[in-house]
Amino acid sequence: VTHSIPACIGGMTVNSKQLDESPVSIFAVNKCYVTVQDGTFFDGSGFAALVREGYKVRSDVNITLEFRTTAVHGVLLGVSSAKVDAIGLEIVNGKVLFHVNNGAGRITATYEPRGTNSLCDGKWHKLQANKSKHRLSLIIDGNLVQTDNPYIQSTSADTNNPIYVGGYPADVKQNCLTSKSSFHGCLRNLVLTRGQQAESFDFSRAFDLRGAFPHSCPGAEH
């Protein structure tokens, strides 16, 4: 077993003696919540890094996830190459932006809710971002946004870098993200689909996890 248990542990005794619950050192452990929901809590300081060997976006990818936040800024997801090819999902001023660069230039689909805070209301929202060759679309809570792409000859995002969720390290380049703000809130049900191959991601198996607490999402913002 190489990853931690997704659970709350309390009232531990050793040789009939209760352990003091103020530890000498702590790593990737959060407090237990009175009310808890399924999901991964991001405290606004870090990120989760997935697929160490690199994720190839290529011509088609469909991303689905659910998010819950009260912050109007935050990185949701980024996959970038060392060149310009990349994809990115972020919340900027309460809007959701889906950026794609297949090598010829960045194109953005923007979902702008009616009210500035209506996506950042602490409730769960469903997101689907789809890149099909040069076309891109964004569906938030069933509302579709599509964007024209003038670069129709450029169809493949040639990435081979990790998937960064909720933020990214300062020394990592992200060509399709405008924000450096780490996400503060909860994410769940992240699935990336290429063709018929759907891949579900468990944050507790991230190869780098900072300021993110898998499988434990506080029932209310705290």
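**Cavity, pocket and contacts**

Reply: This is a predicted model, and a search of the whole structure finds one cavity of 30 Å³ or more.

Me: What volume does the largest cavity have, and which residues line it?

Reply: The volume of the largest cavity is about 40 Å³, and its lining is made by V100, N101, N102, A104, G105, I107, N149, Y151 and S154.

Me: How do the residues of that lining divide into nonpolar, polar and charged?

Reply: The lining of the largest cavity divides into four nonpolar and five polar residues, with no charged ones.

Me: OK, over to pockets. What is the volume of the largest pocket, and how many residues line it?

Reply: The largest pocket has a volume of about 1100 Å³, and it is lined by 32 residues, of which S4, A7, A28, V29 and N30 lie nearest its centre.

Me: Which strand gives the most to that lining?

Reply: That is strand β16, residues 208-213, which contributes three residues to the lining of the largest pocket.

Me: And the lining by class, how many of each?

Reply: In the largest pocket the lining has 19 nonpolar residues, eight polar ones and five charged ones.

Me: Let's change topic. How many salt bridges does the structure hold?

Reply: There are four salt bridges in the structure, and one of them joins the side chains of K95 and E112, with an N to O distance of 3.9 Å.

Me: Is each of the two buried or exposed?

Reply: K95 is partly exposed, at a relative accessible area of 28%, whereas E112 is exposed, at 53%.

Me: Which other pairs can you give me?

Reply: The side chains of D202 and R205 meet in a salt bridge at 3.8 Å, N to O, and those of R210 and D208 meet in another at 2.9 Å, N to O.

Me: How accessible are D202 and R205?

Reply: D202 is partly exposed, with a relative accessible area of 28%, and R205 is exposed, with a relative accessible area of 56%.

Me: And R210 and D208?

Reply: R210 counts as partly exposed at 42% relative accessibility, and D208 also counts as partly exposed, at 22% relative accessibility.

Me: Now the nonpolar surface. Which residues make a patch there?

Reply: I5, I9, M12, V14 and L19 make a nonpolar surface patch of about 470 Å².

Me: Where is I5 found, and is it buried or exposed?

Reply: I5 is found in the segment before β1 (13-14), and with a relative accessible area of 57% it is exposed.

Me: Last one, V165. Which strand holds it, and is it buried or exposed?

Reply: V165 lies in strand β13, which covers residues 161-165, and V165 is buried, with a relative accessible area of 1%.

Me: What separates the C-alpha atoms of V165 and V75?

Reply: The C-alpha atoms of V165 and V75 are separated by 7.2 Å, although the two residues are 90 residues apart along the chain.

Methods. Residues numbered from 1 in each chain as written. Predicted model: local features only at pLDDT ≥ 70, side-chain atom pairs only at ≥ 80, totals over all residues. Heavy atoms only, no water. Buried < 20%, exposed > 50% of the residue type's maximum accessible area, 1.4 Å probe, protein only. 1 Å grid on protein atoms, 1.4 Å probe; cavity = no way out; pocket = protein on both sides within 12 Å on 5 of 7 lines; lining within 4 Å. Points joined across faces, edges and corners; volume = space filled by probe spheres on them. Helix = DSSP H or I, 4+ residues; strand = E, 2+ residues; numbered from the N terminus. Nonpolar A, V, L, I, M, F, W, Y, C, P; charged D, E, K, R; others polar. Patch = residues over 30% accessible without salt bridge, like charges linked within 9 Å, V, L, I, M, F, W, Y side chains within 5 Å. Areas by Shrake-Rupley, 256 points an atom, 1.4 Å probe, with all protein chains shown as cover.
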